[in-house]
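This briefing sets out selected features of one protein chain. The sequence and the structure are shown first, and the points that follow are grouped by topic.

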Amino acid sequence: MIRWVLLGGALAALFVLLGAAVAGHPLPIDLAVAGALQGWWRGTTGVVTTVISDTFGIVLPTVFAVALPVAAVLCWHRGLRRELNVLLRALPVLLLCRLTSVVGKPLFERSRPREYAQFSYPSGHVVAAASMGLAAVLLCVWLAPRLTRWAIVTFASITVLVAVSRLVLGVHWLTDTVGAVLGVLGVGLAGAAVVRLLPRPVLAATLPA
């Protein structure tokens, strides 16, 4: 467990350091990416990208977040103790990951590439997608091991898709999206270790069957 906590702490520290580094002024790579995508958010491209961004960065993560407690209630009702145990451990991890955006934005007060509501760092849409992905992978590790690799590839792709969409829309800097992933992984891995979802091989026997 200790190594996961340390890894999570290191990633969380990188999240904070990156946020502090970019709070005052965007990095050259931020400016380069923003310049290359400048104006893409206008017209049809912007409309399509907004649909993609909101679908995978808001709607899907919200449905996932609601589905977890619903699934937990169903498991309790059906007497599925092991599944219920895992779901109840995954829920606080998901919540902690989502708080990365809530805490980070007012902490760093970073301005957006163009006029837009709220602060910029980290990207809330990317935080939501990455949080969903991490929770889904943890659930697969415990409840459906054969789907773990599929879950990693699928949800990593969704996170990248959301990150790219936010850049195309011109509402985030590149480092906002990188910071979002660092923050979620940092908080998520440490949190998963604390609630004993990591490492699985050592703790598999401790959960009720």
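Helices (H or I, at least four residues) and strands (E, at least two) are DSSP runs, numbered from the N terminus. This is a predicted model, in which local features need pLDDT of at least 70 and side-chain atom pairs count only at pLDDT 80 or more, while totals for chains, interfaces and linings use all residues. Residues are numbered from 1 along each chain as its sequence is written, and side-chain values use heavy atoms, with hydrogens and water left out.

**The loop between helix 4 and helix 5**

- Glu-109 is placed in the loop between helix 4 and helix 5, and its phi is near 50°, a positive value in a residue other than glycine.
- With a relative accessible area of 49%, Glu-109 is partly exposed; buried means under 20% relative accessible area, exposed over 50%, and partly exposed in between (1.4 Å probe, protein chains only).
- Gln-118 belongs to the loop between helix 4 and helix 5 as well; it has a positive phi of about 70° although it is not a glycine.
- Gln-118 is exposed, its relative accessible area being 62%.
- Tyr-121 and Pro-122 are joined by a cis peptide bond with omega of about -5°, and Pro-122 is again in the loop between helix 4 and helix 5.
- Most residues other than glycine have a negative phi, and most peptide bonds are trans.

**Salt bridges**

- The structure holds two salt bridges, a salt bridge being a side-chain nitrogen of Lys or Arg within 4 Å of a carboxyl oxygen of Asp or Glu.
- One of them joins the side chains of Asp-30 and Arg-110 (2.9 Å, N to O); this pair links distant parts of the chain, with Asp-30 in helix 2 and Arg-110 in the loop between helix 4 and helix 5, 80 residues apart.
- Arg-110 also forms a salt bridge with Asp-176, where the closest N and O atoms are 2.7 Å apart.
- Because Arg-110 lies in the loop between helix 4 and helix 5 and Asp-176 in helix 7, this pair ties together parts that are 66 residues apart in sequence.

**Surroundings of Asp-30**

- Asp-30 lies in helix 2 (residues 28-36) and counts as buried because its relative accessibility is 0%.
- The side chains of Asp-30 and Thr-175 are joined by a polar contact of 2.7 Å, that is, a pair of N or O atoms within 3.5 Å; within protein, one must be able to donate a hydrogen and the other to accept it, and residues adjacent in sequence count only if both atoms are side-chain atoms.
- Neighbours within four places in sequence aside, Asp-30 is in contact (heavy atoms within 4.5 Å) with Val-22, Arg-110, Trp-173, Leu-174 and Thr-175.

**Nonpolar core**

- The largest nonpolar core has 42 residues, and those with the most contacts inside it are Phe-64, Leu-138, Leu-139 and Leu-197; such a core is a set of buried Ala, Val, Leu, Ile, Met, Phe, Trp, Tyr and Cys residues joined through side-chain atoms within 4.5 Å.
- Helix 5 contributes the largest share of this core, 13 residues.
- Leu-139 is in contact with Phe-64, Leu-68, Val-86, Leu-87, Ala-90 and Ala-144, leaving aside its neighbours within four places in sequence.
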